[in-house]
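User: I'm new to this one. Can you walk me through it?

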Amino acid sequence: MYPPRFEYEAPETVAEAVGLLVEGHGSAKVLAGGQSLIPMMKTRFASPEMLVDINGISDLEYHRRDADGSIRVGALCRHATLEQSQVLADHQPTMAAASALVADPIVRNRGTLVGSLCHADPQGDWAAVMASLGASVIAQGPTGERVIPVQEFAVGPFQNALAYDEIAVAAVVPPPKGKPEGGYLKMERRVGDFATAGVAVSLDRSAGGVARAGIALTGVGPRTIVAEEAAAILVERGLDPDSIAEAARAAAGAAQPKTDHRGTAEYKRHLVEVFTSRILKRIAGSSEEAA
Amino acid sequence: MTALDEIKIGGLGASRRRVEDNRFIRGKGNYVDDITLPGMLHMEILRSPVAHARIVSIDTSKAWAMPGVRLVITGETLAARNLAWMPTLSYDTQAVLATDKVRFQGQEIAAVIADDPYTAKDACEAIVVEYEPLPVMVNPYQAMEDGAERIRDDKENQPDNVIYDWEVGDRDGTERAFAEADLVSKIQLHYPRSHPSPIETCGSIADFNRATQKLTVYMTTQAPHIIRAAVAMVAELPEQMIRIIAPDIGGGFGNKVPVYPGYVVSILASILLEKPVKWIEDRTGNLISTGFARDIYLEGEMALRKDGKILGVRMNCIADHGAFFSDAQPSKFKIGLLHSAFACYDIPAAHLTARGVYTNKAPGGVAYRCSFRVTEAMFFQERMVETAAIDLGMDPAEIRRVNFVRDDDFPHRTAFGFLTDSGQYTKCLDLGLEAIGYDTFRQEQEEARKRGRLLGIGISTMTEPLGAGNSREFDILGIKMFDSAELRIHMTGKALLRTGARSQGQGHETTWAQIVAHELGLPAEDVTVEEGDTDTAPFGMGTYASRSTPVAGAAISMAARKIRAKARKIAAHLLEVSEEDVEWELGRFYVRSRPEQGVTIQEAAMAAYSNMPDGMEPGLEAIAYYDPPNLTWPFAAYIAKVEVDPETGVWDVLRMVAVDDCGVRINPMIVEGQIMGGLTEAYAMASMQYITFDAEGNCIGSNFTDYLLPTAWETPGFELHEVVTPCPHHPIGAKGIGECAAVGGPAAFVNAVIDAVKHLGVKNIDMPVLPDRVYEAIKTGKDVSGAPPVRTDG
Ligand SMILES: Cc1cc2nc3c(=O)[nH]c(=O)nc-3n(C[C@H](O)[C@H](O)[C@H](O)COP(=O)(O)OP(=O)(O)OC[C@H]3O[C@@H](n4cnc5c(N)ncnc54)[C@H](O)[C@@H]3O)c2cc1C
C-alpha cells in the first residue's frame, strides 16, 4: 500500500491524544482499528497529514455493564470482543446478534464499535444497532466531555458530529426499562460484505407489554434510519400478529433505499419488512414459549 | 527381487503431498515482488478515470519536478519509438500508453519511474490530463447502434464497432432440423463479465544490461516463451538476448497469458535508464485493466422431438471484447472453442454465429479457467438443455440420457465437427443421481412445496475439449501449440526435468515427477522439476486451457521413454545379452530367461557416464516435443441441491455432488484440489462474482469490496466421485482436469435454482443469481435477465 506521506503519533493518554488533535488543527485523524481508515488511505480517498494512533491508550480497551444496567463500550473495544462477550450474551441481545454479522472475522479482530460509529457509513451495522437502543457517544475534547445521542452523531454519510479536536472515548447504552429483547438481521451477499439491508430491533418488555421500542435500518438511506413510527406501534399495541405486520410495513415505509448493484430499491424495502417481521415474530414466539 | 511398488515411489496414482508447498507454507516462495535487484527503480502507471474521451493534453511537468522521479513516460515517448501500439495475440492492436484517446476506464496513460513506489505514485497524481468526453458504450448493443461513435478510429478498415462475424456448423442442415421439429425451445442468456483476480496481481522487473546487451525480465506470466517471442518482435531485440523468468506465480487463471502495457513500459524504462525497473500492479489496476472473462450474450434455439431427442441447435452469440481484441486464443477460432458446445450429445445438426464487438470496457474475454470459452459453451449448452426439458415437460435427467453419445459410439464427430474419443456419460450421471438421492427427490420437492419451502436439483453434464492442441488446428500467432520436456538423468540416478509449461498453483513440481517415476521407476522425490526460465527450459506454449498434463505431461512421458530406450541398450551391454532379451519392469531391466539378473535404472544411469557400450553417445538425457493427436475429452456430471427462501430470494446449497472422469489420475489429491477449486469458482460465478459498469463506464467491481470472491464461510461442501475412462491417445491415459468444474459447475447451481422456482413460470435468471433477482422472479413469475436486457427480437 502506498498512501501519501503522513506523520504518525502514538499517544498513551486521552489528554495527550486530544493535545495532538488540537495541534493538528483538522489535518490529523484518529486511528483506531484502522479497518476503514487504512483502506481509504490506501486508495487515497483519505489523506490525513497526521495519524493519532490511540491503540496505546489502554484505558479505552473495555466494555462493561454498570450498576444501573447501562452498557459502556470503550473506544478500543473490538468487534471480536463484543462477539465473545458474556455481558452482551446475558444482557444485550441486539448487540450480541449484530456482533457476529459485522464484517468478517479478520476485520472483527481489529475494528472497533466506536470507530464504526465515528466512520458514519450509512451501511455500518453498529450505527443502526446503537440507534435502536437509544445509545450515545461520549466525546472528549480540550474542555471536557459531552454526550451526543447516536441519532445525532452521524450528520451525513461519512461525517460525524465530533469537532476536530474531540475523541470519541466510549458509546453508552442507557439502562433498559424492562427485559431487553431484540435482534439484528442483515442481508449480505457474502461474509464481510456491507449490508444490502439490515434491521435492528430493540425492545424493553415489561408486564407483557413493550415499555420501549427502537427500530433502526442499515444501508437503506443516506444515513442510518430510525423507524420511529414502527417502534411507536409496538409500544402502543404490544406484540401481536397484526401489530407486528403493521410495524414491519411501517419500518419498510421509513426506508429510503436506492437501486444499486446490491439490489433494487423495491427489494431492499421488502427486506426491511421481512426482517422486521422475522425478528418480532421470534421475540413474540419466544416469550410465548417462556410463558 | 520383487518389483517396485509404484505408489511407494510416488508414481501414477499416488496422492503425494505437494513438494512446492514446503516453501509456500513457510513463506519462502519467490514471487516477482519478492525480488530486489541492486539499484532497482519503481514504476507506477497513471490510468484513465474516464471510459471514453479524447486526450487534449497531458502535462507532466509537475511530476518531472518531484525529487526522486527519474523518468516520466507518455504515449508520445513511445510513439517516437514506434511503441505506442502493440500487436495483440488476436491479430489486433492495443494501445500501450494512450496517445489519441482513452477507450476504457483504467486504460494506461502514463508511467512514472522513481526511486521508490511512494514517489512514483505521488508523481502520477501530479500529472494533469485534460479530456474531451466522448459517448460511452458499455454493452455491445449500444456499440452496434447506427451511428455509434467509433471506438477504434485508429484503425483504417474499421467502419463500425464490429470486430468479426464468424460462423461454424451446418446452416442448411440445421434449418431442416428446425422444420421437422415437434417443438422449438428458446432461451436468451448473458454470461456476465467476471475477472480471474489471482491473488498475486501482474508485475514485472525489467533489467537491461547495457554492457552485455542482455535483457532479463522477471514476469508474472503463464507463458514465458510466447512472451520472449513477442518481446523480440515488438522491441526488435535479438531473441537470444532476452531472458524471461516466471518465478513462483500466485495464481494465473488465464489472467497472466496476455502481454500487458505495464510489462512493455517497464522494459523500455529499463533500457532507457539502464537500471532494473519494477512494476507491481495494484488490486484495482488488475481488476479494471487486465484480461477479464466471458461477457457473452446468447440467443439459443433447440429443435426437439416430442420424446426429447434434440434434432438441431442454433446459437447466436455476441461477445463484448472491450476496447481491444486482445484475447489469447487459437487463431482459427474467433470466439474460442464456443462450438465445443453439445459435444456430449448426439445431435444431427448445429449452427453457431458469433459477432465480436468493441465497447468502452477493458479488453479480454478469454480467461478464468475457461479453456478458450468452453466455460460459456457448456453453460449455454446446459441451460439450453434444462430449458428444453421444461418446455417438453420432461425430467431433466432423462433428456440428457436420451441424447448422450453412447459408450460404444466413439470416436464420435460432434455436430460442430470436433472428434470426441471416449467416455461413459450415462454411468457418470447415474452415479451422481444416486449419490444425491434423485429417486426420492421429486416427492421431497413436492412435499416441501406444500409447506412453503422451495427445493431444487440442478444437473450439469458435459464433455469438454482440453489440452490444445494438435498442430493442424491450433496455433497462436502461427506458432503451433505443442509442448516440450527435457529430462536429464544424473549419474547417481537423480533427475532434473524441465518443461515449457509454467505452474501457477497446479502442482507441476509434484505431478511431473510422478510421471517420470511411472515411466522410469525413479522415486518421484529424486526428480527435481524446473519451469519458467526461457534460458533453461525448452520451448513451450505455457500453462492454460488445462493443457499442461495433456501436452507437456505427454512430452514428459515421451522424453522418459527415450531415456528408457537408451537405458535398455546400456542394460543389455551390462548384462551381456542382446537388447531383444532384455525385459522391463518398473525401475529395472532384466534378462528374460533369468529374471533375477537385472540392472536398475540407477545402475544404467551410472553406466551412461562410466561404462557405456562402444560407439554410444555418453550421457542420459532426452528432449521431447509433443504434438497431441487430438484434444482430451474429460466428462463430468455436477449435481446441486438447493433451497430457496421464497421471502428473500436467498438460496443455500444443501449438497453438491461432482462426478469427474478425467481419465487416469496422476495424483488423485491434486485432481481433487483442482475440482474443489473449480467448483468454488463455479459457485462464485453462479452466486456473486461479476463485474458490471454504470452508464458512464465506471467499473463496478474495482476492488474486493465490490468484486466478491466467496470465502470459506459461504462456499458449500463438495462430494466428489470418480469414473476413469483412460484417454486413448495420451501416453498415460490422462485427460485435462484443471478447468472442468469451473466450466461445468455454474449451470448446475443455476439449474437448481430454476428447478426450485420453475413451477412459478420462471425459466431463466441470469448469473449471478443474486437474491434480488430470485425474489423478482418469484414475485413476477417471469425470467430475470441481467442488465442490459438481451434483445427480444431479431
Ligand atoms: C473487508 C471489510 C469489511 C467490512 N464490513 C463491514 C460490515 O459488514 N459492517 C460494518 O459495519 N462495517 C464493516 N467494515 C468496517 C469495520 O467495521 C470498521 O472496523 C469500522 O467501520 C471502523 O472501525 P475502526 O476501529 O477500524 O476505525 P478506523 O478505521 O480506525 O477509523 C474510522 C474513522 O473513524 C475515526 N475514528 C475512529 N475511532 C475514533 C475515535 N475513537 N474518536 C474519533 N474518531 C475516531 C477515524 O479517524 C476514521 O475517520 C468492514 C471493513 C472491512 C475492511
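User: Which residue does A:Arg278 form a salt bridge with?
Analyst: The partner of A:Arg278 is B:Asp645. Their closest N and O atoms are 2.9 Å apart. Keep in mind that this is a predicted model.

User: How many salt bridges are there between chain B and chain A?
Analyst: The count is five.

User: And residue pairs in polar contact across that interface, how many?
Analyst: Eleven, with both residues of each pair at pLDDT 80 or more.

User: Which helices of chain B supply at least two residues each to the side that touches chain A?
Analyst: Helix H4 (117-125) and helix H19 (771-780). H4(B) gives the largest share, with five residues.

User: What classes of residue are on that side of chain B?
Analyst: The side of chain B that touches chain A has 13 nonpolar residues. It also has nine charged and three polar ones.

User: How many residues does each chain bring to the contact?
Analyst: Chain B brings 25 residues and chain A brings 23.

User: How much area do the two chains bury between them?
Analyst: About 2200 Å². Carbon and sulfur atoms account for 57% of it.

User: Why give an area at all?
Analyst: The accessible area lost when the parts come together is often used to give the size of an interface.

User: What does A:Val30 place by an oxygen atom of the ligand?
Analyst: A backbone N or O atom, 2.6 Å from that oxygen. A:Gly33 also has a backbone N or O atom by a ligand oxygen, at 2.8 Å.

User: What about A:His79, which part of that residue is involved?
Analyst: The side chain. An N or O atom there is 3.0 Å from an oxygen atom of the ligand.

User: How is chain A divided into domains?
Analyst: Chain A has domain 1 (7-54), domain 2 (62-173) and domain 3 (179-290). The C-alpha centres of domain 1 and domain 3 of chain A lie 35 Å apart.

User: And what is the domain assignment of chain B?
Analyst: Domain 1 of chain B is 21-28 + 483-626. Domain 2 is 32-134 + 201-249 + 256-289. Domain 3 is 375-467 + 630-780.

User: How many Å apart are the C-alpha centres of domain 1 and domain 3 of chain B?
Analyst: 39 Å. The two domains do touch: 22 residues of domain 1 of chain B are in contact with 17 residues of domain 3 of chain B.

User: What area is buried between domain 1 and domain 3 of chain B?
Analyst: About 1300 Å², with 62% from carbon and sulfur atoms.

User: Which three residues of domain 1 supply more of that area than any other three?
Analyst: B:Ser546, B:Thr549 and B:Pro550. Together they supply 34% of what domain 1 of chain B buries against domain 3 of chain B.

User: How many salt bridges are counted between those two domains?
Analyst: Zero salt bridges between domain 1 and domain 3 of chain B. The count of residue pairs in polar contact is seven, both residues at pLDDT 80 or more.

User: Which elements give two or more residues to the domain 1 side?
Analyst: Helix H14 (508-520) and helix H15 (548-575) of chain B. H15(B) gives the most, eight residues.

User: And what classes do the residues on that side divide into?
Analyst: The domain 1 side of chain B that touches domain 3 has eleven polar, eight nonpolar and three charged residues.

Notes
Residues are numbered from 1 along each chain as its sequence is written. Chains are lettered from A and ligands numbered from 1 in the order in which they are written. This is a predicted model: local features need pLDDT of at least 70, side-chain atom pairs count only at pLDDT 80 or more; totals for chains, interfaces and linings use all residues. Side-chain values use heavy atoms; hydrogens and water are left out. Domain bounds come from an automatic or database domain assignment. Contact means heavy atoms within 4.5 Å. Buried area is the accessible area (1.4 Å probe) that two parts lose on being put together, summed over both. A salt bridge is a side-chain nitrogen of Lys or Arg within 4 Å of a carboxyl oxygen of Asp or Glu. A polar contact is a pair of N or O atoms within 3.5 Å; within protein, one must be able to donate a hydrogen and the other to accept it, and residues adjacent in sequence count only if both atoms are side-chain atoms. Helices (H or I, at least four residues) and strands (E, at least two) are DSSP runs, numbered from the N terminus. Ala, Val, Leu, Ile, Met, Phe, Trp, Tyr, Cys and Pro count as nonpolar, Asp, Glu, Lys and Arg as charged, and the others, Gly among them, as polar.
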